[in-house]
Amino acid sequence: MNLKNAQQEVDNWIKEHGVRYFNELTNMAQLTEEVGEVARIIARRYGEQSEKESDKNKDLGEELADVVFVVLCLANQTGVDLQAAFDKKMDLKTKRDHDRHHNNDKLK
């Protein structure tokens, strides 16, 4: 599924199952909360913090999907074509970063 289709699927879900989109500030707070949940899993599972027993069954993929869902909501409600923005960003990063990363001694 491409991002344009994902945006449409989220919009359809909001229309069929939700009442409306939360406002942009509420969704921004929701995004922050979801990113925090991802950070907690990463920090405890892959970082130096010990993982609490209650966190061991948390699904990183599910939390990342929550982040994507809210990002898609924000894109929809602010009129951003995320596919076009992503394609543009990838083109920029490819042109800008290819040699930079290959020449970075820290990455060798």
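**View 1. The protein has four helices and zero strands.** Helices (H or I, at least four residues) and strands (E, at least two) are DSSP runs, numbered from the N terminus. Along the sequence the pattern reads α-α-α-α. This is a predicted model, in which local features need pLDDT of at least 70 and side-chain atom pairs count only at pLDDT 80 or more, while totals for chains, interfaces and linings use all residues. Residues are numbered from 1 along each chain as its sequence is written, and side-chain values use heavy atoms, with hydrogens and water left out.

**View 2. The protein has a radius of gyration of 18 Å.** A compact globule of 108 residues would have a value near 13 Å. The radius is taken over C-alpha atoms, and the globule rule is 2.2 Å times the number of residues to the power 0.38. Along the principal axes, the C-alpha atoms fill a box of roughly 50 × 45 × 25 Å. Of the 108 residues, 22% count as buried; buried means under 20% relative accessible area, exposed over 50%, and partly exposed in between (1.4 Å probe, protein chains only).

**View 3. The largest nonpolar core has eight residues.** They are Ala6, Val10, Ile14, Tyr21, Leu72, Cys73, Ala75 and Leu82. Helix 1 (3-17) and helix 3 (60-78) each supply at least two residues of this core. Another core, of seven residues, lies apart from it and includes Val38, Ile41, Val67 and Leu74. A nonpolar core here is a set of buried Ala, Val, Leu, Ile, Met, Phe, Trp, Tyr and Cys residues joined through side-chain atoms within 4.5 Å. In soluble globular proteins, nonpolar side chains tend to be buried together.

**View 4. Leu72 is in contact with Leu3, Ala6, Gln7, Val10 and Leu82.** This list leaves aside the neighbours of Leu72 within four places in sequence. Contact means heavy atoms within 4.5 Å.

**View 5. Arg40 is found in helix 2 (residues 24-45).** Arg40 counts as partly exposed because its relative accessibility is 34%. Leaving aside neighbours within four places in sequence, Arg40 is in contact with Lys52 and Asp55. Val19 is 21 residues from Arg40 in sequence, and the two are 30 Å apart in space, C-alpha to C-alpha.

**View 6. Lys52 is found in the loop between helix 2 and helix 3.** With a relative accessibility of 43%, Lys52 therefore counts as partly exposed. Beyond its neighbours within four places in sequence, Lys52 is in contact with Arg40 and Arg44. Lys52 and Val71 are 19 residues apart along the chain, and their C-alpha atoms are separated by 28 Å.
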